[in-house]
2 protein chains.
Amino acid sequence: MNVLWILAHPEPRSLNGHLAAEGQRALRAEGHRVEVSDLYAMGWNPVVDPAGYAHDPAERFQVAAAAKQAYESGALSPDIRAEQEKIDRADTLVVQFPMWWFGMPAILKGWFDRVWHQGYAYGLRGPDGEWIGYGDGFLAGKRAMAVVTMGGPGWFYGARGIHGAVDELLFPLQHGTLFYAGAQVLPPVLIFGADRFTPGEGRTAAKELTERLLAIPETEPIPYRTQNGGDYDGNLVLRPEVAPDLTGLRAHTA
Amino acid sequence: MNVLWILAHPEPRSLNGHLAAEGQRALRAEGHRVEVSDLYAMGWNPVVDPAGYAHDPAERFQVAAAAKQAYESGALSPDIRAEQEKIDRADTLVVQFPMWWFGMPAILKGWFDRVWHQGYAYGLRGPDGEWIGYGDGFLAGKRAMAVVTMGGPGWFYGARGIHGAVDELLFPLQHGTLFYAGAQVLPPVLIFGADRFTPGEGRTAAKELTERLLAIPETEPIPYRTQNGGDYDGNLVLRPEVAPDLTGLRAHTA
């Protein structure tokens, strides 16, 4: 595998730092190539701004259009372009973060906001001029997996736990972002109770993570429904005969 | 009302800028007080870092503990403290943003990450020593409403639309963050198709927004289930007799 590992944690001496180091070590020991975007270590700027897209701030900043134009004219800022080159070299993305307020830390959210812009990550057409997305896109043929630590115990994030079911909390990332872009999205590695880990629990978690990482090529992806596979109508609404009794996020998984 | 309006958009000459200006003007015209945190205009730093919590970077940075200690010892960075003072002065929060990758722009996510830290926004106990959250917390007695623009048409975000039902996409913010903190969360103002707005549509959206804003005191909140109201067991899992046939995010709305 050629892995791009995107990490968002401010402290290398944390559980997340330990898991990242151990996971990357295990992949390399098996001959896989690993590039790392350690966003904190890089001092990544997560804020979409005119400078990233070489936009004249005197003119109205229409984010999507400005980004597309900068991309097509080769005027993207070097930090954005460097991340795109890493993505393009990879066949596998690992996205690792602690869940803060039920989402990604801002530094990681802004990696997607800035790097995954119109013309590169969305607004794309297929060979017949059709709009593509959800199962086809710039990550087609690649795999992606989230590695997420959470402070609370697992039952808080269960099917009827108070925080909400974790697969639905991760839907914006896993379905709306990674699967939208065309990646095969593998079930996430979830590490609960991360606030109170003992060193022994950290070792157990690193071992489980390593097993999941090495199994990436054989792991069944989450069976999200593809945009152009027949389950959706022309308005991209599920056809009445598809999962007729379901509404909400879960209806989009076959 | 004493409104704190948190805005996350890089361009004042945008639809979002127009809606913010019109909404604030209408509130003030009716005698309401409005403070604004225009995160882009403020140059808000969204990245959780040791400096925000006066933490010595030579020592391991445990985010939650460092933040709590800085808060209790009065060592928070002035930008964080200023936001907390604005929140404490307000009785109503308006959170306005364009939906990017099915969530908040990084600059706004990082407003929550940095300002809503342990000891201020979570990890709180009630008068009898019980943990509080979901319906009670530092926003108890206040109201909150999200104002969200989205590029796609509304049916993409409907109960069976491909992007996922918008109330579930907003669950991490509305339930996991605002309601967790104790606010009464009102149904959001949703503006679809924002990428292709005409000036006339902008005026219509501003009028609808204004009506919703002025109606905040009389608007019924989303009936999320409270943590300590009897619907959850001691593990904070829904009791079997509560919405027995439901799992997932919707089970948490009565």
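The model is a predicted one. Chain B can be laid on chain A by a rotation of 180° with 0.0 Å of shift along the axis, giving an RMSD of 0.0 Å. That is the relation of a two-fold axis.

**How the two chains meet**

- The copies meet through the same surface, because 100% of the interface residues of chain B are also interface residues in chain A.
- If you want to find the rotation axis from chain B, look for A106(B): its C-alpha comes closest of the residues of that chain, at 2.3 Å.

**Helices α1 and α8 of chain A**

- Helix α1 (residues 15-29) of chain A packs with helix α8 (residues 199-214) of chain A at an angle of about 40°, and their axes are 9 Å apart.
- That angle makes α1(A) oblique to α8(A).
- The crossing of α1(A) past α8(A) is right-handed.
- On the α1(A) side, the contact is made by L15(A), H18(A), L19(A), E22(A), G23(A), A26(A) and L27(A).
- On the α8(A) side, the contact residues are G202(A), R203(A), A205(A), A206(A), L209(A), T210(A), L213(A) and L214(A).
- Sorted by class, the contact of α1(A) with α8(A) has 9 nonpolar, 4 polar and 2 charged residues.
- Also in helix α8 of chain A is K207(A), which is exposed, with a relative accessible area of 55%.
- From K207(A) to G193(A), 14 residues apart along the chain, the C-alpha atoms are separated by 17 Å.

**Helices α4 and α5 of chain A**

- Helix α4 (residues 78-89) of chain A and helix α5 (residues 106-115) of chain A pack at about 95°, with 10 Å between their axes.
- These two helices, α4(A) and α5(A), are therefore roughly perpendicular to each other.
- From α4(A), the residues making the contact are D79(A), I80(A), E83(A), Q84(A) and I87(A), while α5(A) brings W111(A), R114(A) and V115(A).
- By class, this contact of α4(A) with α5(A) has 4 nonpolar, 1 polar and 3 charged residues.

**A covered helix in chain B**

- Helix α7 (residues 171-179) of chain B is mostly covered, with 9 of its 9 residues buried.
- The buried residues of α7(B) include F171(B), P172(B), L173(B) and F179(B), as well as Q174(B) and H175(B).
- In chain B, the buried residues of α7(B) pack against β3 (92-98), α5 (106-115), β4, α6 and β5 (184-185).
- From the other chain, α6 (166-169) of chain A also packs against these buried residues.

**Loop residues to look up**

- H163(B) lies in the loop between β4 (143-149) and α6 (166-169) of chain B, and H163(B) is buried, with a relative accessible area of 11%.
- Leaving aside residues up to four places away in sequence, H163(B) touches Y134(A) and F171(A), along with F102(B), F156(B), Y157(B) and L169(B).
- W101(B) sits in the loop between β3 and α5 of chain B, and at 15% relative accessibility W101(B) counts as buried.
- W101(B) is not a glycine, yet it has a positive phi of about 45°.
- A54(A), in the loop between α2 (39-42) and α3 (63-72) of chain A, has a positive phi of about 50° although it is not a glycine.

Note on methods
Residues are numbered from 1 along each chain as its sequence is written. Chains are lettered from A and ligands numbered from 1 in the order in which they are written. This is a predicted model: local features need pLDDT of at least 70, side-chain atom pairs count only at pLDDT 80 or more; totals for chains, interfaces and linings use all residues. Side-chain values use heavy atoms; hydrogens and water are left out. Axes are lines fitted to C-alpha atoms, for helices over the stretch in contact, and angles run from 0 to 180 degrees between N-to-C directions. Helices (H or I, at least four residues) and strands (E, at least two) are DSSP runs, numbered from the N terminus. Angles under 35 degrees count as roughly parallel, over 145 as roughly antiparallel, 65 to 115 as roughly perpendicular and the rest as oblique. A crossing is left-handed if the near helix is turned anticlockwise from the far one by less than a right angle, and right-handed if clockwise. Contact means heavy atoms within 4.5 Å. Ala, Val, Leu, Ile, Met, Phe, Trp, Tyr, Cys and Pro count as nonpolar, Asp, Glu, Lys and Arg as charged, and the others, Gly among them, as polar. Buried means under 20% relative accessible area, exposed over 50%, partly exposed in between (1.4 Å probe, protein chains only). Copies are superposed by least squares on the C-alpha atoms of residues with pLDDT of at least 70 in both.
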